[in-house]
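Please look over the chain shown here. A short report on selected parts of its fold comes after it.

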Amino acid sequence: MAVHRDHHHHQHGHHMMLNDPSTTVFFVFDELKVGNTFPTYFPRIDPSSSPRFLPRKEAESLPFSSQELPSLLRFFSFPQQSQQAVAMEKTLKVCEMNPIIGETKLCATSLESMLEFARDMLGFDHVSKIRSVSTIHLTKSNTLYQNFTIMDFSEYDAASKILPCHSLRYPYAVFYCHYQENENKVFKVLLKGENGDRVEAVAVCHMDTSHWSKTHVSFKVTETEPGSSSVCHFFPADHLVWIPSSSTLI
C-alpha cells in the first residue's frame with residue numbers, strides 16, 4: 001500500500017478535485033445558505049455498471065504505475081489509444097502526483113486498503129469506529145443540468161477528522177483518498193432542483209487553501225486566490241467521505 005505524505009515541499013502541479021469539472025460546483029463557505037441556488041448536476045450512477053473492487057491479494061499482484069501502462073493495456077485487452085487506455089493513464093498519473101503540504105494521500109485499489117487508510121488517518125484502532133457518507137438521489141428523475149436550491153443543511157461534528165475518497169476511472173475500483181491536516185468541514189445538504197429532482201448531497205469545505213496551486217480551477221470559479229477564502233464542493237454519488245462513526249449532525 002503506497003501511502004504518500006508531504007509535510008515540507010510545495011507541489012508545483014495542481015491540487016485536483018477528481019470528479020469531472022463539468023459535474024463540480026465550487027463555492028465559498030459563506031454561500032452555504034438556505035435559499036442559495038447553484039446551476040449543476042449530479043450524475044446518476046448505475047451501481048451495476050460501476051467497477052468492482054478486486055480482492056486485495058489480486059489487486060496487489062497487479063502493477064499500478066504509468067511505466068507499466070503498456071503491459072496493463074495488454075493484460076486488460078485495451079487498444080493503446082482507446083478511451084479506456086486514456087482513462088487508465090490519467091488515473092495512474094493522478095495517483096503518482098506529489099501531495100501538497102500537509103496532505104497524505106493513497107490510491108486505494110482494494111476495499112481493505114481504503115478502510116485501513118481511513119482508520120489510520122482518522123486516528124482509530126478499528127474500522128468499526130469509522131463510517132462513510134455519500135450523496136443520495138431522493139428522486140428517480142433523469143434530468144441532468146439544472147438549478148438546485150439549498151432547502152436545508154447540517155454539519156457533521158467530525159472535528160476536521162474527515163477523509164474524502166474520489167472514485168477514478170479504471171478497469172477495477174480505485175479511490176483517490178486524501179487527508180489534510182488543516183481545517184475541513186463536511187455537510188449534509190438537501191437540494192431541490194427546478195425540475196423537481198431532490199438530492200441529499202454531501203459537501204466538503206476546505207477552510208485553508210493557502211498551499212493550493214494558483215491554477216486550481218476552484219479559484220477561477222469562485223474568483224478568489226489561495227489562502228484568501230475557503231473552497232467548498234458537492235460530491236457525486238459514487239464518491240465517499242469517511243468520518244468517525246460517532247459523528248452526528250449538528
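## Basis of the model

This is a predicted model, in which local features need pLDDT of at least 70, side-chain atom pairs count only at pLDDT 80 or more, and totals for chains, interfaces and linings use all residues. Residues are numbered from 1 along each chain as its sequence is written, and side-chain values use heavy atoms, with hydrogens and water left out.

Helices (H or I, at least four residues) and strands (E, at least two) are DSSP runs, numbered from the N terminus. Buried means under 20% relative accessible area, exposed over 50%, and partly exposed in between (1.4 Å probe, protein chains only).

## Helix α3

Helix α3 covers residues 83–96. The expected span of a helix is 1.5 Å times one less than its number of residues. For the 14 residues of α3 that gives 20 Å, and the end C-alpha atoms are 20 Å apart, which agrees.

The buried residues in α3 are Ala85, Ala87, Met88, Thr91, Leu92, Val94 and Cys95. An α-helix has 3.6 residues a turn, so residues three or four places apart point the same way.

Strand β10 spans residues 184–193. Of its 10 residues, 7 are buried, so β10 is largely enclosed by the rest of the structure. Two strands pair if DSSP finds at least two bridges between them. Strand β7 (residues 146–155) runs antiparallel to β10, joined by 7 bridges. Here threonine 149 stands opposite lysine 192 of β10.

Strand β11 (residues 198–206) is also antiparallel to β10, with 9 bridges between them. Leucine 191 has valine 199 of β11 as its bridge partner. The two strands β10 and β11 form a hairpin with 4 residues between them. In the turn, glycine 196 has a positive phi of about 95°.

## Disulfides

The structure holds 3 disulfides. A disulfide here is a pair of cysteine sulfur atoms within 2.5 Å. With the bonded cysteines numbered in sequence order, the pairing is 1-2, 3-4, 5-6.

Cysteine 95 bonds to cysteine 107, with the sulfur atoms 2.0 Å apart. This pair links distant parts of the chain: cysteine 95 lies in helix α3 and cysteine 107 in strand β4 (residues 103–108), 12 residues apart. The S-S torsion is about -90°, so this disulfide is left-handed. Cysteine 95 is buried at 7% relative accessibility, and cysteine 107 is buried at 12%.

Cysteine 165 is joined to cysteine 177, S to S 2.1 Å. This pair connects strand β8 (residues 163–168) with strand β9 (residues 174–180) across 12 residues.

Cysteine 205 sits in β11 and cysteine 232 in strand β12 (residues 231–234), 27 residues apart. The torsion is about 110°, so this disulfide is right-handed. Both cysteine 205 and cysteine 232 are buried.

## Proline 244

Where does proline 244 sit? Proline 244 is in strand β13 (residues 240–244). Proline 244 is buried, with a relative accessible area of 5%.

Proline 244 and alanine 158 are 86 residues apart in sequence, yet their C-alpha atoms are 6.4 Å apart in space. Contact means heavy atoms within 4.5 Å. Not counting residues up to four places away in sequence, proline 244 touches Leu122, Phe124, Lys129, Ile130, Arg131, Ala158 and Lys161.
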